[in-house]
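Open the model in your viewer and keep the selection tool at hand. Two stops follow.

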Amino acid sequence: MSAHGSSLQGNESGAPPLRYTAHLARQIEAKWQDQWERDRTFEAPNPAGPLAEPEKVGGRPKLFVLDMFPYPSGAGLHVGHPLGYIGTDVFARFKRMTGFNVLHALGYDSFGLPAEQHAIVTGIHPRINTESNVATMRRQLRRLGLGHDARRSVSTTDEDFYRWTQWIFLQVFESWYDREAGRARPIAELIGQFERGERDTGRGPWGALGPAERAAVVDGHRLAYLADAPVNWCPGLGTILANEEVTAEGRSDIGNFPVFKRTMRQWTMRITAYADRLIDDLDRLDWPEPIKLMQRNWIGRSEGARVRFASAAGPIEVFTTRPDTLFGATFMVLSPEHPLVDELVSDGQRADVAAYRARAASLADAERTDATREKTGVSLGATAVNPATGREVPVWIADYVLMGYGTGAIMAVPSGDQRDFDFAREFGLPVVPTQRPPDAWFEARGIPPTLDCSQWPGAYVGDGPYVGSSNAEVTLEGCDTVDAAVARMNAWLERAGHGRSAVTYKLRDWLFSRQRYWGEPFPIVYDEHGVARAVPDALLPVRLPELDDFKPQALDPDDERTDPIPPLARVGQWVDVEMDLGDGPRRYRREVNVMPQWAGSCWYELRYLDPTNRNAFVDPEVERYWMGPTGPGHTGGVDLYVGGVEHAVLHLLYARFWHKVLFDLGHVSSEEPFHRLFNQGYIQAWAYRDARGQTVPAAEVAESDGSWTWNGQPVTREYGKMGKSLKNVVTPDEMYDEYGADTFRLYEMSMGPLDASRPWNTRDVVGMQRFLQRVWRNVVDEDTGELRVSNGAAPDALRRELHRAIAGVADDMASLRFNTAIAKLIELNNALTAHVNAAGSSPREVLEPLVQMLSPLCPHLADEMWERLGRREVLAFHPFPVADPAMLASDTVEVPVQVNGKVRSRIVVPVGTPDDELVRLAMADEKVAAHLDGRAPRNTVVVPDRLVNLVV
RNA sequence: GCCCGAGUGGCGGAACGGCAGACGCGACGGACUCAAAAUCCGUUGUCCGCAAGGGCGUGUGGGUUCGAGUCCCACCUCGGGCACCA
């Protein structure tokens, strides 16, 4: 045993007693994990509040590193899950070593559907199942050696946590969006405006309105409001289903029962009020450009016009992005759900229309708008008047028009829109041109230029001179661009009273109710008028009631008439409640929906900051310290947020929305929750199927010459997510047992860039273990445990190698390029090993920085080696090495010489050789001269110290 | 279908528009060993060639450039999202 008082036990089987094996790694890792926990090494001090330690905050810069909130799955972790956690841990440890006060923690998004489904099947309370899953995940992650502050590991299912989720909901409920001010304000200020007559209620003077009317007026402005929205009602299961639980055929995934679209009164969040800010503020975020683009596309801001077509049932308003094509509108299409359909439909068409509407209701939006589908639709047997031409046009309904977008009705311009064109062709509706397409357009389609649209193979979309687009009041002749024509048309629409320019968004308000048990109850009760009232702060949290039976009451599978009943509605004594809301004790009915899983993940990062605060969801000073803006124009927010691209739109958009509401109401100083975003890739794995198409255990498949067999029978290979169904799961626990946590961490980081997806390959892990064994051997003798360190000076070449590595590794780590940082460390260690093989010992001046640089990646082994090198303090706060610039410089440089862009030779020249001298030396080179073959270069391209290219 | 990505040796990957294949796995050869494992040293894109050297090579087809894995256009394949999985 070594002289360091270590209790490390020797290896079993034949290996030298102190070889760095999984056995030894396990002991080293347990030792340091215990020590970090005992010393509370990774607890981050707060400047104020319950976790305040202002003296430890000191003058250090701060850094808040965040992983996306995990759901504690019952299946436990597989090796794909920790990828991002290891990445953030390496980064956090690196930054800590460069002097930052780093906050890094991980909590659990523990409400959600799987636990509830588990409860329905097993009868075990979701809380019990959830807590055991969290415990499993905590154990697996602790073994990984992550430098998390354990005090901050909150769960959304903690009453202490969801009390504040409910509180934030009430903040949203008690607010409205003031368009003039461009921000949310307390609802009391809106009521004040109504009382003083400064704002029109839309229903007459405030003083003349009854309580229910006043509530209706105010509710029409709230950021959280009730609206009718469709749900998937499955009477056969007695429950409402999530979209993913419904098959493409409109039946339940479980049991294959019919599913009916029904509307229910549900909580909705007015996220559309923030659409412009959610788009505009993207410009100030340090996010990957593709993610910003996805958010912009999702919000889908488009500028166009609202236009009214007169009809027998009154004006039908349409939204169009192309008001310039109004003269070509030869028919109208309404969404099947459009409210005017019933009034417009002729008696002859009534039956067909009803049948069509029923069919459309069973389809998902994505299906309805699928452009490859054959266009379907039914005529209403009615007409409307095109305001530009004054002509009557037929009115149809079709499922490709959605009620949720624009006004739920379109003017169809078949010559200028491909969907309308397809529809017109399908049903023989007229197509008239509004623009002359360029000749090239016809050429590409192999037809001669013509304005006879019956010859056209499709709609024309783009700029082009206008034709047939004039009436007595307006003409588009002379406009060359769409923009110019839109402007002229919008001006006329407004003047003539037919419409006005308008902006619309694809983004819809956010449906916030779930008809489930395992979620946050709403802090809302209804009075005898059915008016929603906030549960006062003092009565929070509204706790989830206990359920005896998680199984919903199944009904006749075809009974589409009975109303859906959410689980909480069955707990009668909980639903009916007596409360004092300021006007004495009264009876109320509780809201029986629960919040969606998004609710907790919309603000959890704020609770990490101040997890034990009982007076506020976060102390304002603590929030300002960790997330406040760093300067004018800075949005503030988390310094680094790492997670998968699958959250590119929904989670990130919802969380931004809530954060902005909290900002508007003055509860946080940051305008955005996540200032910098980084998307990690996925670790996927090969999976194999036998001749019958059954998956076989991937671990038992053998490969030879590019084909695979299992138990001797040939199998086919596919690529996919790790999971039970593909039988290709590899767990961290297996890696800990076979290699140890440090090797596992190193392998995950070395596989490729953090943002790339890659296949898992257990076979490759051994490379990183061998690397660590070589480093370890350069520190201690694996037979005796003696140090192999010398205090003499390192040779100049090795020292230069060291400083090149330091510069490169620091740079790579700061940019999250851990794979190339590891490659540089391996190169350095290989050079060191060559020296040790020749000289018999490792120079301390090389070994110590190498151990320090390894520390963020393999913290246990690094601390162990650091201790053996005689250093007392743990590496967590020890400064990262700094490269000596003098050691990076070189006198000469090798410059490739190209002839006609192909490398033909290389010349070694002094750094800073002037261009003409470089060319002269290049031409003097034998091989270059041979390729020039006596010709003089026509052109020379010189990049100083980098390259010469001779063009002949 | 719509939106967003990614395609480089046998495999994972490296490469500010400037030497394609760093580093690791695997494979092959050598040293050590009675032998094997482990370890150490070396070779390894591909084709032609004894060699020196040369040809070809970053999914496919075009383009921009003195020069393209990198930029642009089209296509093919794979992955992610599409609002009640989160």
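This tour visits the surface near the RNA strand, then a pocket.

The model is predicted: local features need pLDDT of at least 70, side-chain atom pairs count only at pLDDT 80 or more, and totals for chains, interfaces and linings use all residues. Residues are numbered from 1 along each chain as its sequence is written, chains are lettered from A and ligands numbered from 1 in the order written, and side-chain values use heavy atoms, without hydrogens and water.

**Stop 1: RNA strand B**

By class, 27 are nonpolar, 20 polar and 21 charged. Here Ala, Val, Leu, Ile, Met, Phe, Trp, Tyr, Cys and Pro are nonpolar, Asp, Glu, Lys and Arg charged, and the others, Gly among them, polar.

Now color the strand. Sugar or phosphate accounts for 68% of its atoms within 4 Å of the protein; bases supply the rest.

Zoom in on Q266. A polar atom of its side chain lies 2.8 Å from a base nitrogen of RNA strand B.

Select α26 (818-839) next. This helix (a DSSP run of H or I, at least four residues) gives the most to the surface, with 7 residues.

**Stop 2: the second largest pocket**

Select Y688, A698, A699, N761 and T762. Of the 21 lining residues, these are the closest to the centre of the second largest pocket. The lining has 12 nonpolar, 3 polar and 6 charged residues.

A pocket is an open set of points on a 1 Å grid over the protein atoms alone, where a 1.4 Å probe fits, with protein on both sides within 12 Å along at least five of seven lines; lining residues have an atom within 4 Å of a point.

Technical notes:
A residue is near a molecule or strand if one of its heavy atoms lies within 4 Å of it. A polar contact is a pair of N or O atoms within 3.5 Å; within protein, one must be able to donate a hydrogen and the other to accept it, and residues adjacent in sequence count only if both atoms are side-chain atoms. Helices (H or I, at least four residues) and strands (E, at least two) are DSSP runs, numbered from the N terminus.
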